[in-house]
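Have the viewer open as you read.

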Amino acid sequence: MTLDRSWRTALVGVVVSLFLGALLAAVLGYPVVDMFSALWRSAVVKPGRLEATLANAVPLTLTGLSAGIAFAAGPVNLGQPGQVLVGALFAVTGGLYLHLPSTLQVPVLLALGGLGGAFWAGIAAFTKRRFGMDEFIVTLMLNEIGRLLTDWCISSPLQDPKAGSVTTRAVHASGWISRWGSVSFGLLVFAVCGLVVRRFVVGYEWRMMGQAPMFARLGGVRTDLNTTAVLLFTGALAGFAGAVLLLAGPHRFVKGLGGNYGWDGVMVAVVAVNALLGCLLYALLFSGLQIGSIGMELAADVPSEYVQILQAIVVLVTVAVRGFLASNVRAWQARRRARRPRSDSSASPRS
Amino acid sequence: MVVVSFVGVTKVYPPAVRALDDVTVDIDAGEIHAFVGENGAGKSTLMKVLNGEIRPDAGRVEVFGSTVSYRSPRDAMADGIGMVHQEILLVDQLTVWENVVLGNEPTTRFGLVDRDRARCEVAATIASAGLALEPDAIVGTLTVGARQKVEIAKLLHRNVRLLILDEPTAVLTPPEIPELFDELRHLRDDGRTVCFISHHLDEVVGLADRVTVLRDGARIATLAAASTSVSELARLMVERDVLLTSQRTPLQRGAPVLRVRGLEADITGSSSKLGPIDLVVHEREVLGVAGVEGNGQHDLVEALVGVVDCEAAELRVGEFDLRPLSILDRRRHLAFVPSDRRTQGGALTAPIVENVAMTHHRLTPGFSAMRGWLFDRGRAKSLATDIRDRFDIASSSVEAPLGSLSGGSQQKVVLGREMSIERPLIVLDQPTRGVDVGSIEEIHRRILDLRAEGRAVLVVSADLDELLRLCDRIVVMFRGRLVLDIDADDANLELLGRAMLEGIDARTVPRPAPPSAPNEARP
């Protein structure tokens with residue numbers, strides 16, 4: 001039942017924001033109909049575009065899950081950008097120096113990516129447990145350190161001497177993954193997250209910790225261990241995103257590889273209110289907007305940056321609609337019921 | 001003269017909770033008007049409607065004869081109506097007068113805060129209202145009772161003529177209550193009107209001029225306080241005669257279960273230390289711990305459960321030494337109902353099912369599968385349904401959030417969970433605080449059932465009547481030490497009250513003349 005309501009809210013939010021986006025485009029003098037149809041065609045309809053949208057949604061979903069699962073359990077992991085980069089660094093290092101058959105190479109490199117992300121988040125977990133440092137600050141600051149570290153690695157020890165730009169050599173082809181490979185991996189990780197959070201005892205403890213930390217602690221939940229576990233787990237998710245970006249994308253660590261996937265993931269988690277399925281669906285939406293933007297620019301002559309405005313509108317409107325519906329629909333229901341006589345309201349607390 | 005009229009006020013919380021149902025009542029100028037009712041009867045909601053925090057879905061509120069439609073407490077304030085909430089929000093670092101003027105500062109010609117004038121005005125307000133407050137005291141150093149007075153002074157400084165107090169005495173220590181009441185009477189005699197909410201019927205009868213009883217959102221009666229009684233009000237509240245007598249039957253107590261020797265710990269928010277405490281609770285025995293809040297009872301419970309570190313020569317349940325054990329491992333030997341059900345006893349946003357599964361999920365076989373990895377929701381659901389049926393909890397589904405239940409029902413869920421964690425010892429910290437009369441009776445019956453089953457029960461409570469009704473033995477804590485250990489059959493309010501307030505065992509200390517019973521100072 002609550003699912004129904006949140007679905008409705010999300011749908012209303014997206015429709016309203018597309019409408020506002022259209023309105024703004026009209027005011028700016030863009031061809032609204034052409035713009036949306038070009039966006040739709042180049043994100044979904046044209047050959048190969050649906051695959052591109054789906055594949056692009058994978059790293060977004062992973063970073064979204066990373067932020068969402070952490071927020072829902074309590075620890076504030078805002079280190080996705082850094083964890084993505086370090087994950088990719090681990091994966092590229094493995095890819096350059098390991099030569100296993102493809103069936104082994106791909107899982108090993110993906111696992112290395114997860115390990116890298118977990119390691120980077122693990123630093124925050126360690127300083128939290130050992131020194132009581134706030135993971136919110138530490139994960140945030142590790143982003144910049146992670147960026148500098150990976151920039152140094154790809155410009156010095158791992159740099160491809162033959163390349164003109166700052167990049168590593170390409171990983172061995174046995175470690176490459178296709179778009180569909182990356183989509184299947186994304187779905188697999190999503191399923192595992194669902195299992196862990198909804199069905200596992202630790203997931204139950206994480207959810208209780210997020211909702212009432214003292215209740216969980218008094219009930220016997222080891223909150224310090226769980227905080228460490230959450231940071232490692234969500235760090236690994238962001239690290240997977242880094243590995244997927246590398247292995248399904250340029251196959252080499254180019255400067256700026258992580259793009260904006262880290263922060264976009266935090267945004268996805270915020271609009272999805274940390275719901276797992278919500279993260280997946282919003283990641284698809286944002287991915288479609290991003291993929292469609294280039295085609296939209298070519299076909300309708302609307303600058304591709306307009307998509308960023310559209311994304312911002314979706315975020316703001318979704319959050320606002322949620323608040324608006326929560327207060328006004330309930331008020332409306334209440335007024336309607338207040339006018340009815342008492343007898344048809346459900347049983348009073350005591351009969 | 002009528003200040004405020006509620007006419008047919010109705011408030012519905014979807015889907016179907018009628019928090020207020022066609023409430024019509026007048027509040028006269030210059031009276032103290034009490035609102036009583038069980039939890040969820042609508043007292044707070046009605047007051048929040050008057051204060052502009054909640055808009056009614058039907059009906060209207062008239063202030064001085066004209067219909068008002070407040071959109072916020074600010075609008076109500078403009079009409080001279082203000083409310084003191086249970087949670088007090090003040091700036092700890094500032095002085096009393098600074099807090100009082102905050103947001104309403106008198107300014108000089110140059111737009112600067114006129115500190116001298118502000119301080120003088122506040123001092124005058126405090127003096128004329130007869131509040132026992134020092135304007136220059138730092139708020140962070142004040143007791144809860146004094147902070148409440150700062151809130152009152154804040155309203156008076158904004159020329160509030162009608163004050164609303166939501167359970168003002170719930171946060172006060174017994175000696176502070178008569179002081180507050182004197183101040184409220186003073187305000188009334190000064191021409192102001194006071195509305196207050198209370199769970200303590202004796203207070204209501206002693207203080208109020210008129211009393212309105214609410215039940216299930218509807219107004220049941222409005223009575224002159226002088227012509228009613230505690231038992232009449234209690235009957236109107238629950239529509240039956242509440243048996244406020246002990247249901248305790250004599251039982252032969254068994255072997256010792258909880259043994260505490262030389263327990264010492266820090267008391268949070270106090271300079272005094274807890275202990276050394278020596279304590280034994282036996283099978284088939286309810287031991288009550290009484291004391292004014294902040295004298296270490298809560299810290300004793302936390303030390304037993306393992307939330308805070310403690311030193312002890314002995315700390316055992318049965319033959320098990322609790323000292324080296326973690327909270328989780330201690331929960332193998334004891335069940336525990338914490339004092340605050342909203343943050344410690346449960347998670348209000350989580351479904352009832354997930355609330356009853358806590359602790360079971362690690363310790364009770366059957367709540368997890370696959371070597372403890374998988375959470376068995378089906379098992380939790382059957383326990384939740386079982387608790388709902390046995391405790392007669394009104395809820396549409398055990399998948400509904402705990403917060404959708406009334407306070408009493410929430411507490412029954414927590415108690416039901418801890419009873420189902422079958423342990424030789426059960427520790428209950430304030431088991432009926434903020435719970436309606438009907439639920440209190442049932443919770444008491446359940447506690448006595450546990451005793452009859454042979455368990456050892458430790459109850460911490462600020463309610464002496466409750467302890468006298470439930471316990472076989474009562475100990476009183478004063479500044480972290482046990483000052484009285486008495487058989488409940490030999491105990492009375494006077495003995496307990498003197499131990500709580502003066503820290504003495506009045507059986508051995510000669511009674512001063514003229515005899516005074518501090519607990520009877522509570523009107």
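## A loop proline

A:P250 counts as partly exposed, because it has 14 C-beta neighbours inside 10 Å (20 or more other C-beta atoms within 10 Å make a residue buried, 12 or fewer exposed, anything in between partly exposed, with C-beta atoms placed from the backbone). You'll find A:P250 in the loop between α10 (223-248) and α11 (261-271) of chain A. A:V171 is 79 residues away from A:P250 in sequence, yet their C-alpha atoms are 9.4 Å apart.

A note on the ground rules: this is a predicted model, where local features need pLDDT of at least 70, side-chain atom pairs need 80 or more, and totals for chains, interfaces and linings use all residues. Residues are numbered from 1 along each chain as its sequence is written, while chains are lettered from A and ligands numbered from 1 in the order written.

## The helix before it

Helices here are DSSP runs of H or I with at least four residues, strands are E runs of at least two, and both are numbered from the N terminus.

## Chain A overall

Chain A has 13 helices and zero strands. Of its 351 residues, 49% count as buried. The C-alpha atoms of chain A fill a box of roughly 80 × 60 × 35 Å along the principal axes.
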